[in-house]
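Good morning, and thank you for making time for this item. I would ask you to keep the model open while I speak.

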Amino acid sequence: MDMATESSEAALAMASGLQAGAERAKQLLEREDYANAALEASGALQVLPSLADLAVVQGRALLQPLLDTVMTEDNAAPSRIQFKEAYEAFRLAAVMDPYNAEALMELERLSKLLELLPDDSMQAQTVVEVQEVVEGEVI
């Protein structure tokens with residue numbers, strides 16, 4: 001079994017467990033068993049840090065090809081809108097785990113990068129500035 005298959009199976013198992021936990025919590029809530037509903041929901045929510053890590057991975061996987069384009073192509077760079085999906089993945093990670101340092105760092109770096117981009121596309125000078133941010137220098 002390859003890693004992708006193992007990862008997919010693990011994700012399906014986690015999703016199934018979450019769904020079952022959510023269903024139990026809803027049933028307990030409907031029966032007005034508030035204490036146990038809260039406990040069940042709390043237990044199911046323990047996976048949020050793991051899900052946040054997955055959102056960071058997704059964000060990086062979406063972001064890296066865009067950064068590669070910025071770093072390698074002359075005067076050709078993605079528009080702001082193309083970064084939206086990566087930004088949203090990092091934002092989701094930060095919502096699920098407000099202490100996720102990787103998500104917070106990536107959001108900060110990406111926010112600075114987006115400030116340099118015009119709404120539609122970048123011009124030559126902006127490409128140089130963006131490359132500095134991508135390489136870790138804060139302007």
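I shall begin with the basis of the model, then take the fold, the helices and several individual residues in turn.

This is a predicted model, in which local features need pLDDT of at least 70, side-chain atom pairs count only at pLDDT 80 or more, and totals for chains, interfaces and linings use all residues. Residues are numbered from 1 along each chain as its sequence is written, and side-chain values use heavy atoms, with hydrogens and water left out.

First, the overall arrangement. The chain has 6 helices and 0 strands; here helices (H or I, at least four residues) and strands (E, at least two) are DSSP runs, numbered from the N terminus. From the N terminus on, the order of elements is therefore α-α-α-α-α-α. Of the 139 residues in the chain, 27% count as buried. Buried means under 20% relative accessible area, exposed means over 50%, and partly exposed lies in between, with a 1.4 Å probe and protein chains only. Among contacts in the chain with a separation of 6 or more, 58% come from residues 24 or more positions apart, where contact means heavy atoms within 4.5 Å.

Let me turn to helix H3, which covers residues 48-72. Its 25 residues reach 36 Å from the first C-alpha to the last, close to the 36 Å expected at 1.5 Å a residue; the expected span is 1.5 Å times one less than the number of residues. Where does the kink in H3 lie? A kink of about 25° is found at Leu-63, shortly before the proline Pro-65. The bend at a residue is the angle between axes fitted to the seven residues ending there and the seven starting there. The buried residues of H3 are Ala-52, Ala-55, Val-56, Gly-59, Leu-63, Leu-66, Leu-67 and Val-70.

Is Leu-63 buried or exposed? With a relative accessible area of 7%, Leu-63 is buried. Leaving aside neighbours within four places in sequence, Leu-63 is in contact with Phe-83, Ala-86, Phe-90, Glu-106 and Leu-110. Leu-63 and Glu-85 stand 22 residues apart in sequence and 8.4 Å apart in space, C-alpha to C-alpha.

Leu-67 lies in H3 and is buried at a relative accessible area of 9%; its C-alpha atom is separated by 9.6 Å from that of Phe-83, 16 residues apart along the chain. Leu-48, also in H3, is partly exposed, with a relative accessible area of 24%. Between Leu-48 and Asp-97 there are 49 residues of sequence separation and 6.6 Å in space, C-alpha to C-alpha.

Next, helix H4. The 13 residues of H4 should span 18 Å at 1.5 Å a residue, and its end C-alpha atoms are 18 Å apart, which agrees. Which residues of H4 are buried? They are Ala-86, Ala-89, Phe-90, Ala-93, Ala-94 and Met-96, and these buried residues pack against H3 and H5.

Helix H4 (residues 84-96) and helix H5 (residues 101-116) pack at an angle of about 145°, with their axes 9 Å apart. Axes are lines fitted to C-alpha atoms, for helices over the stretch in contact, and angles run from 0 to 180 degrees between N-to-C directions. On the H4 side, Ala-86, Tyr-87, Phe-90, Arg-91, Ala-93 and Ala-94 meet Ala-103, Leu-104, Glu-106, Leu-107, Leu-110, Ser-111 and Leu-114 in H5. The residues of this contact divide into 10 nonpolar, 1 polar and 2 charged; Ala, Val, Leu, Ile, Met, Phe, Trp, Tyr, Cys and Pro count as nonpolar, Asp, Glu, Lys and Arg as charged, and the others, Gly among them, as polar.

Glu-106, which is in H5, is buried with a relative accessible area of 7%. Not counting residues up to four places away in sequence, Glu-106 touches Arg-60, Leu-63 and Phe-90.

Finally, I turn to the earlier part of the chain. Glu-32 sits in the loop between helix H1 (3-30) and H2, and its phi is near 65°, a positive value in a residue other than glycine. At 55% relative accessibility, Glu-32 counts as exposed. Ser-42 is found in helix H2 (residues 34-44) and is partly exposed, at a relative accessible area of 36%.
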